[in-house]
Amino acid sequence: MGWKDAIEYLRSGAKRRGVESDAPQSEDRGLPLEARIGSVVDLQASPLLRANANGSLVALPEAEDSRILAISQFKLSMAGRLYRYYLAKGDEDEREKFLQLYVDEHGEVKEILYCTQLVRFIPTSVEDQDAFTGADGCGLGDLQFSLWRSQLEESGADSAVLATAFGEQEALDFERDVGDPNAGFVPPFTGTETRIDEASGMQGLKQELYFMPYARQLGDGSKEYLLITTEIVQSVNGDARKRGIHVDFVVGIPVEQERLVIQ
């Protein structure tokens, strides 16, 4: 059973057939950096501390953010694949924290980001949904995106972090990190995310995605990413009745592979 079948298994797998002896296979094997659900993550904090001191919005990891709780794979309209190793799933009141890995078409890890969620926005109007899917050739996919201080204050972001990042500014300007820099709009990547919350793939979710990375320079010239992802939930634990749409704004800091150990 492959990743694409991990959630569908819940509908037609052993429990529904009433076959208790037909144990599901482990779905968290053969992943980049040999990660598995439950793996312990040892991440050197120096890149994050440096970014934080230079105006990044990234939230530093807590002591409990050291174990992989869930793993997801993105299948997007792009070469290679994205994986997310969740240290906090963000399913309830907590905010997501995860390692995002970009693996090229040859299976080599080319980029690792440590990411923390800034805010989750629920687009209730058709206009908002069109903007965050790029449906009308504008919105998600525009060359620039401004993140406003007031938005983050309302979401309960740390005031000290905001003061360092914004200073006297009311907005931070990010620029699209892919596509022709002379193009005013590039359609967002589209695809699906399948997340498994335990090794057998019996628990998790599947969602349709619209995804675009933006970036800005920090005070020391390093890069901070703003990952904007519109997520349309298709099923939770195999239940297709649990649907919804939201937009996640996530900040990411590049991490060198030698600074990360997963065991």
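**Group meeting talk: cores, rings and a helix**

Let's start with Gln129: setting aside residues up to four places away in sequence, Gln129 touches Pro123, Thr124 and Ile245, where contact means heavy atoms within 4.5 Å. Before I go on, this is a predicted model, so local features need pLDDT of at least 70 and side-chain atom pairs count only at pLDDT 80 or more, while totals for chains, interfaces and linings use all residues. Residues are numbered from 1 along each chain as its sequence is written, and side-chain values use heavy atoms, with hydrogens and water left out.

Back to Gln129, which sits in helix α4. Helices (H or I, at least four residues) and strands (E, at least two) are DSSP runs, numbered from the N terminus. With a relative accessible area of 29%, Gln129 is partly exposed; buried means under 20%, exposed over 50%, and partly exposed in between, using a 1.4 Å probe and protein chains only.

Ala165 takes us to helix α6, residues 159–166. Which residues of α6 are buried? They are Leu162, Ala165 and Phe166. They cover an arc of only 80° around the axis, so they lie on the same side of α6; that arc is taken from the directions from the helix axis to the C-beta atoms. Their packing partners are β6 (144–148), α5 (149–154), β7 (171–176) and β9 (204–217). At the start of α6, a side-chain oxygen of Asp158 comes within 2.8 Å of the backbone nitrogen of Ala160. After the helix comes Gly167, with a positive phi near 60°.

Now for the cores. A nonpolar core is a set of buried Ala, Val, Leu, Ile, Met, Phe, Trp, Tyr and Cys residues joined through side-chain atoms within 4.5 Å. The largest one has 43 residues, and Leu57, Tyr85, Leu118, Leu226, Ile228 and Phe249 touch the most other members. There is also a second, separate core of 16 residues, with Cys115, Leu209, Phe211 and Val250 among them. As background, nonpolar side chains tend to be buried together in soluble globular proteins.

Tyr85 has contacts beyond its neighbours within four places in sequence, including Leu31, Ile68, Lys97 and Ile262. Lys97 also meets Asp65: their side chains are joined by a polar contact of 2.7 Å. A polar contact is a pair of N or O atoms within 3.5 Å; within protein, one must be able to donate a hydrogen and the other to accept it, and residues adjacent in sequence count only if both atoms are side-chain atoms. Asp65 lies in the loop between α3 (46–53) and β2 (70–76), and at 11% relative accessibility Asp65 counts as buried.

Last, the rings. How many aromatic pairs does a search of the whole structure find? Seven. Rings of Phe, Tyr and Trp (its six-membered ring) pair if their centres lie within 6.5 Å; planes under 30 degrees apart are stacked, over 60 edge-to-face, and the rest tilted. Phe121 and Phe132 have ring centres 5.5 Å apart and planes at 55°, so that pair is tilted. Phe132 is buried, with a relative accessible area of 15%. Phe132 and Phe249 have ring centres 6.0 Å apart and planes at 90°, so they are edge-to-face. This second pair links distant parts of the chain, 117 residues apart. Phe121, Phe132, Phe145, Tyr214 and Phe249 form one aromatic cluster.
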